[in-house]
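Please consult the sequence and the coordinates while reading.

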Amino acid sequence: MRVLLVEDDDLIGSGVEAGLRQAGFAVDWARDGHAAALALDTTEYELVVLDLGLPKLSGTDLLKGLRARRNDTPVLILTARDSVPDRVSGLAAGADDYLGKPFDLTELVARCRALLRRAHGRSVEQIYYGELQVDPAAFTVTRLGHNVALTGRECTILVELLTHQGQPLSRARLEESLYGWQEEIESNAIEVHISNLRKKLGASVIRTIRGVGYVVDKL
Amino acid sequence: MMTRSIRRRLMLLVLASVTIVWAVTLITSYRQAEHEVGEWDNGRLEQAAGTLLVVDSANLKKLAEVGFIGSDDDDSRRIHTEETSRELQFEVRAADGQLLASTPKVPLTLGADALVGTSRSGAYTLEVDGHHWNTYTLHSSVTGRSARIFERVGGRSNLTSDVSRRIARPLAAALPVLALLIWFGISRSFAPLALVSREIGARGADKLDPIEVQQVPDEIRPLIDALNKLLDRLMKSFLRERAFTSDAAHELKTPLAAIKVQAQVALAAQDAVEQRLAMQRVVEAVDRSSHLAQQLLVLARLDETSLTELSSVAMNTIARNCIASRQASGLPSGVALSLVQNSLMSAQADPTLLQILIDNLLDNALKYGSCNGLIEVAIFQEQLNPVLSVRDNGHGVALADRVRLGDRFFRVLGNRESGSGLGLSIVTRIATVFGAHVRYTPGIGGKGLAVTVSFPSAGSRGESFEQADTPRHFDKPGES
């Protein structure tokens, strides 16, 4: 799950980045409006966490530009200015949620997850797929009621495929969901993770489409 | 008598003036009337004496018996019926002084010879037995007779005093009526004042909009205008303070948010390295918020102590101390800090405040100067003014941003340093206390920033203080 964090303050930015990463998100951190706009143009994000007081391009302008380009990525605003008029104007500019500073990291993560599952058309955290039940927040997968031990990355890939059922995802796309900008990408990692998933869940769940990528078929 | 009520004072003044004017008018009129009456009386007596001189002896005797009234005037006859003293007494003597006729009440002390000769003809006032008599003596050159008319003085002046009393009585009666009318008039004139008082009295502490009263008299208009100007200034200062409090709260929220998020990262961290890093950042964020709190306190104290006693302070000594303590606590590697122009200059200042000012300028130069930068402190004289300048060769500040450098919480966007945004506003505030002027120009070799504090030359403090006391701006630098 790739998230763009836009925050100019070093201490808050590094904290939110670490917190989101702990929660299993791949985080890209942009420190000003221009860098954020550039990242949004080149990468597909599942979610944007946006501070409003930004150098070069204000958060509100960035958000308005994003919505003007018909980009529907969920946006959560994170700001010290959290009076009612501030919230209203933020939401009116196209934000999906609003969180005032100082905030609780667990609440931020919970709100991010809520935004993500709404974007995928779910109302609960758990994803049900045949015999499988996946909880993306708790990183747990059960098959016919029995726990299946998955690593964090394996779980993330499974969730990514399950939330895009019937839609083939390329290797690069899956890599993007795993690694933020600073993280080093291991070669062949995706193939290794897919093969592990097939061993643990059965070969039929993930189908390979040659030259395109991987897909979990719609049931 | 000085009374505090304008109404009462006006009342007393008007009434006193009216009374005085009336009294003066009455007195002068009385004198005038007395004079006129006196002349008229003498004429009357002369006429009576003339009549007596031509009356024959038999008729004289008869006249002396029935009495003689000197005037046929209607008014005086009426007065005569009231006042018996108006009856005229007379004596007529022959040329040799023999008494031909006299009324019974003629004062007898006058010798027969008193009427002889012409020397004493005319009007005289005599005193006989404690009574004053007006007399008129007339000689006839044909018969040689003399006639003298006597009239008691008391009776004579009655006419004037009676007329005066008749005029004065209604005037005295009019005085209370006049007082009442004046009281009513003044009360009506003061009604707008009461209206303004009610309008001001009904205000709460937070109602600072201008006083709107229609139909205000011209005399009260300046007062209302002055009050409105004061209210306007109060309103602006109130809004400024409110904006400052709100900005300060927001600025404090940022380090608090950082502390919280880093602490939660540390709590949830799996490996020790990540945990340690997060805890270090917690400490950093706490330092930042305490720095902010410190700066806010300095500003608050500066606002309290705007009447600091200034004395002559050797600027180079304090600058050298500030630089020495920086060097002792360790400069970032590659940064050179020096006192380049070291004139023996003293300025009207407070040593502690001057030190805070220089420290803040050094803080800024260290933060925003370049890594291997130069920082120069200079003290020199410029057109009689002692000047302190701190300049660096860092990234500098764009011209558009320079005018806002002294604003509270203003930070140049895009800089990565975690300042409070208060440093230069503290500098500006202290400069205001000193009556000094702060200028921002490009720094060393046209790069970086130079902050120049120009102190007033001895003897010109007041004027430049006014200039430095312009309202501060509180524009928000943007949300964060």
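Q: How many residues does the contact take from chain B and how many from chain A?
A: In this predicted model, chain B contributes 27 residues to the contact and chain A contributes 26.

Q: What makes about 2,400 Å² the buried area between chain B and chain A?
A: Buried area is the accessible area that two parts lose on being put together, summed over both. For chain B and chain A that sum is about 2,400 Å², with 57% of it on carbon and sulfur atoms.

Q: Why is the meeting of B:Arg288 and A:Asp9 called a salt bridge?
A: The term requires a side-chain nitrogen of Lys or Arg within 4 Å of a carboxyl oxygen of Asp or Glu. Across the interface of the two chains, the rule finds three salt bridges.

Q: Which elements give two or more residues to the side of chain B that touches chain A?
A: They are helix H6 (221–268) and helix H7 (272–304) of chain B. H6(B) gives the most, with 14 residues. By residue class, this side of chain B divides into nine nonpolar, eight polar and 10 charged.

Q: How do you know that strand E9 and strand E10 of chain B pair?
A: Pairing needs at least two bridges between the strands. Eight bridges join E9 (residues 374–382) to E10 (residues 385–392) of chain B, so the two strands count as paired; they run antiparallel. B:Ile375, for instance, has B:Asp392 in E10(B) as its bridge partner.

Q: What makes strand E7 and strand E11 of chain B edge strands?
A: Strand E7 (336–342) and strand E11 (437–442) of chain B each pair on one side only. They belong to an open sheet of five strands in the order E7-E9-E10-E12-E11 (chain B), with mixed pairing.

Q: Why is one side of strand E6 and of strand E9 of chain A left without a neighbour in the sheet?
A: Each of these strands, E6 (127–129) and E9 (146–148) of chain A, has a single partner strand, so one side of each has no neighbour in the sheet. The open sheet has the order E6-E7-E8-E9 (chain A), and its pairing is antiparallel.

Q: How do you know that strand E7 and strand E8 of chain A pair?
A: Four bridges link E7 (residues 132–135) and E8 (residues 140–143) of chain A, and at least two are required, so the strands pair. A:Asp135 stands opposite A:Thr140 in E8(A).

Technical notes: Residues are numbered from 1 along each chain as its sequence is written. Chains are lettered from A and ligands numbered from 1 in the order in which they are written. This is a predicted model: local features need pLDDT of at least 70, side-chain atom pairs count only at pLDDT 80 or more; totals for chains, interfaces and linings use all residues. Side-chain values use heavy atoms; hydrogens and water are left out. Contact means heavy atoms within 4.5 Å. Buried area is the accessible area (1.4 Å probe) that two parts lose on being put together, summed over both. Ala, Val, Leu, Ile, Met, Phe, Trp, Tyr, Cys and Pro count as nonpolar, Asp, Glu, Lys and Arg as charged, and the others, Gly among them, as polar.
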